[in-house]
Amino acid sequence: MRIRVATLIAVICMILVTGPGLSAESVGPPKPGLGGIQDQIRSLKAAGKGREALPQCDALFELAGKLKNKTVQCQALETKLRLLRTFGERAERQAVSREIIRFVDDEKLPAHSKAWAMRVLGDDVLEEGDIAAARELFEAALKIERAAGCVGAGNTLLGIGLIEYREGNFTAALQRYEEA
């Protein structure tokens, strides 16, 4: 009797989940969630197929937006920018940088997310060699973080320390690293 009840419950659940007239096979494979897409991106990056991971970054951003997960949206944009940095695609990197700025401006993000955007953009600008602009972005991030009491200020301080080092201010660089 127990087996029949369990089977009946399983059939009822299948009908409720898939709807009448549908089977698990007709629905098709499940679409990957946030974790699945993140795993795909990591696998492609590890296999040296970073270019192929770019559409996955877009898919991750869109799905995270539907789920109202701003943190994962930030991660998707940062991953996309870092991948493009690997390829040296300046125009595409600039487009993603503008997308990050729009995202931060359009959304009511918490302070740590705004500081994150400043750091990510500062990293990218520093990579291009514009130390003055990078300093401006990192200093803005630090100001936001300190005003909000954010924990993540260590990464910002490390970025400022790197800028100090590149400018030849070794004592100031060491102070920033110690402060981080």
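**Working through the helices**

Modeller: Leaving aside neighbours within four places in sequence, S97 is in contact with L81, L121 and D124. Contact means heavy atoms within 4.5 Å. This is a predicted model: local features need pLDDT of at least 70, side-chain atom pairs count only at pLDDT 80 or more, and totals for chains, interfaces and linings use all residues. Residues are numbered from 1 along each chain as its sequence is written, and side-chain values use heavy atoms, with hydrogens and water left out.

Biologist: Where does S97 sit, and is S97 buried or exposed?

Modeller: S97 is in helix α6. With a relative accessible area of 12%, S97 is buried. Buried means under 20% relative accessible area, exposed over 50%, and partly exposed in between, using a 1.4 Å probe and protein chains only.

Biologist: How many helices and strands does the protein chain have?

Modeller: There are 10 helices and zero strands. Both are DSSP runs numbered from the N terminus: helices are H or I with at least four residues, strands are E with at least two.

Biologist: What about burial and surface for the protein chain?

Modeller: Of the 180 residues, 33% are buried. The chain exposes about 11,100 Å², and carbon and sulfur atoms supply 58% of that area. Accessible areas come from the Shrake-Rupley method with a 1.4 Å probe; for residues, only the protein chains shown count as cover.

Biologist: Which residues have the most contacts inside the largest nonpolar core?

Modeller: I41, L60, L77, I100, F103 and W116, in a core of 27 residues. α3 (34-46), α4 (50-66), α5, α6 (90-106) and α7 each supply at least two residues of this core. Its largest share, seven residues, comes from α5. A nonpolar core is a set of buried Ala, Val, Leu, Ile, Met, Phe, Trp, Tyr and Cys residues joined through side-chain atoms within 4.5 Å.

Biologist: What does I41 touch?

Modeller: Not counting residues up to four places away in sequence, I41 touches A53, Q56, C57, L60 and T79. There is also a second, separate core of eight residues, which includes A134, F138, A153 and I163.

Biologist: Back to α5. Is Q73 buried or exposed?

Modeller: Q73, in helix α5 (residues 70-87), is buried, with a relative accessible area of 5%. Beyond four places in sequence, Q73 touches F61, A64, G65 and F103.

Biologist: And Q75: which side chain does a polar contact join to Q75?

Modeller: That of Q38, at 3.4 Å. A polar contact is a pair of N or O atoms within 3.5 Å; within protein, one must be able to donate a hydrogen and the other to accept it, and residues adjacent in sequence count only if both atoms are side-chain atoms. Q75 is also in α5 and is partly exposed, at 37% relative accessible area.

Biologist: Changing topic: which residues of α8 are buried?

Modeller: A134, L137, F138, A141, L142 and E145. Seen down the axis of α8, they fall within an arc of 135 degrees, so they line one face of the helix. The arc is that of the directions from the helix axis to the C-beta atoms. On the other side of α8, A132, E136, K143 and A147 are exposed.

Biologist: What do the buried residues of α8 pack against?

Modeller: They pack against α7 (111-128), α9 (153-166) and α10 (170-179). G149 follows α8, with a positive phi near 70 degrees.
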